[in-house]
Amino acid sequence: MRNNMNAFHGFRWHDAESGTRIECVMPPALSGAISANFLVRGKLMDSTEGDPLRIARAIRPLLGEHSLIAPYQVHGTAIAEARRIWALPQRVMADGVHLDPSFDPASVVTASLRFADCSPIVLTSYEPHPWAIALHSGFQGTTKNIFASAWARAKNFYGSLLPASVSVWLGPAIGPCCYTRRKDDPTTLRACKTWHPANFEKGETFVRFDLHAEIAAQIHGVGIPTENVFRFPLCTCCNTDHLYSYRGGDEKNRMLLLVKLRDF
């Protein structure tokens with residue numbers, strides 16, 4: 001699988017004794033300015049059982065002097081600023097983190113989010129300077145369109161936003177092969193009214209949803225070019241030998257997204 005992983009456009013696979021790291025490969029304009037990595041199944045993440053404080057201790061060598069921001073994720077649309085006041089042991093309630101050097105020196109904070117079927121989103125741009133927003137977009141967050149909240153925040157914060165300057169990564173998430181919900185569930189009914197019809201399929205008692213396809217539609221809807229959007233192609237539930245999946249039996253363990261900026 002590792003060799004296949006290295007061929008995935010926009011992602012790079014790294015093996016280590018402690019576990020696997022999947023890197024978001026930045027475009028030239030952002031190379032060295034932003035890093036975004038997923039720590040997936042392996043000895044390091046197995047040992048933490050998804051607990052943010054245990055994770056912070058386990059990855060301390062990776063963090064160096066950085067403080068770790070690890071929001072309490074509630075399947076909403078709130079986005080926190082990457083400031084030291086929100087670093088562990090504090091846990092702000094949010095499903096996104098906005099990193100910009102104006103908040104705090106970029107060299108002192110790393111943003112993190114945890115996943116086990118929900119979709120990670122990394123949104124970056126080099127205009128007016130390198131910045132990033134990390135998002136947790138599960139079924140509820142996608143239905144509520146957390147990406148639209150991030151896009152509106154970025155446009156308001158930076159004054160203007162050129163879609164062609166923006167790159168987006170959709171990290172490991174459950175695929176439509178494995179993701180169904182009961183047809184009579186109120187949240188399912190709500191999603192069927194708001195999702196694009198091409199991104200779900202109704203059965204007799206269940207509805208099958210394509211999480212990445214719906215998020216991609218939201219992204220393309222604001223004008224971000226297709227070539228700037230990178231989708232991780234493997235389903236978490238189909239690949240539990242490498243990825244954590246709640247529906248695949250991982251009730252505690254989580255994959256970790258780490259995003260940080262360099263100083264300017």
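**Figure 1. The largest pocket of the predicted model holds about 480 Å³ of space.** A pocket is an open set of points on a 1 Å grid over the protein atoms alone where a 1.4 Å probe fits, with protein on both sides within 12 Å along at least five of seven lines; a cavity, by contrast, is a set from which the probe cannot get out, and lining residues have an atom within 4 Å of a point. Grid points are joined across faces, edges and corners, and the volume is the space filled by probe spheres set on the points. Lining the largest pocket are 18 residues, of which His75, Ala116, Asp117, Cys118 and His136 are the closest to its centre. Two or more lining residues come from each of β7 (109-115) and α5; helices (H or I, at least four residues) and strands (E, at least two) are DSSP runs, numbered from the N terminus. The lining comprises eight nonpolar, five polar and five charged residues. In this classification Ala, Val, Leu, Ile, Met, Phe, Trp, Tyr, Cys and Pro are nonpolar, Asp, Glu, Lys and Arg are charged, and the others, Gly among them, are polar. Residues are numbered from 1 along each chain as its sequence is written, and side-chain values use heavy atoms, with hydrogens and water left out. Because the model is predicted, local features need pLDDT of at least 70 and side-chain atom pairs count only at pLDDT 80 or more, while totals for chains, interfaces and linings use all residues.

**Figure 2. The second largest pocket holds about 180 Å³ of space.** Its lining consists of 15 residues, and Ser18, Gly19, Leu39, Leu44 and Leu62 lie nearest the centre. The elements that contribute two or more residues are β1 (11-16), β2 (19-24), α2 (43-46) and α4 (60-63). By class, nine of the lining residues are nonpolar, four are polar and two are charged.

**Figure 3. Phe139 and Phe209 form an edge-to-face aromatic pair.** Rings of Phe, Tyr and Trp (its six-membered ring) pair if their centres lie within 6.5 Å; planes under 30 degrees apart count as stacked, over 60 as edge-to-face and the rest as tilted. By this rule there are 12 aromatic pairs. In the pair shown, the ring centres are 5.0 Å apart and the planes make an angle of 70 degrees. The pair links distant parts of the chain, 70 residues apart: Phe139 belongs to helix α5 (residues 139-143) and Phe209 to strand β13 (residues 206-209). Phe139 is buried at 6% relative accessible area, and Phe209 is buried at 0%; buried means under 20% relative accessible area, exposed over 50%, and partly exposed in between (1.4 Å probe, protein chains only). Together with Tyr179, Trp195 and Phe200, these two residues form one aromatic cluster.

**Figure 4. Two arginine residues, Arg181 and Arg182, lie over phenylalanine rings.** A charge sits over a ring if NZ of Lys or CZ of Arg is within 6 Å of the ring centre and within 35 degrees of the ring normal. Arg181 is placed over the face of Phe139, 4.0 Å from the ring centre. The charged end of Arg182 lies over the ring of Phe206, at 5.6 Å from its centre.

**Figure 5. The loop between β5 (80-81) and β6 (96-99) contains Val92 and Pro89.** Val92 is buried, with a relative accessibility of 15%. Beyond its neighbours within four places in sequence, Val92 is in contact with Pro71, Tyr72, Ala80 and Trp86, where contact means heavy atoms within 4.5 Å. Ala78 is 14 residues from Val92 in sequence, and the two are 9.8 Å apart in space, C-alpha to C-alpha.

**Figure 6. His75 and Asn145 have positive phi values although neither is a glycine.** Phi of His75 is near 60 degrees; this residue is in the loop between β4 (67-69) and β5 and is partly exposed, at 29% relative accessibility. Asn145 has a phi of about 60 degrees, lies in the loop between α5 and α6 (146-158) and is partly exposed, at 23%.

**Figure 7. Helix α8 (residues 211-221) is mostly covered.** Eight of its 11 residues are buried, including Leu211, His212, Ile215 and Ile219. Gly223, which follows α8, has a positive phi near 100 degrees.
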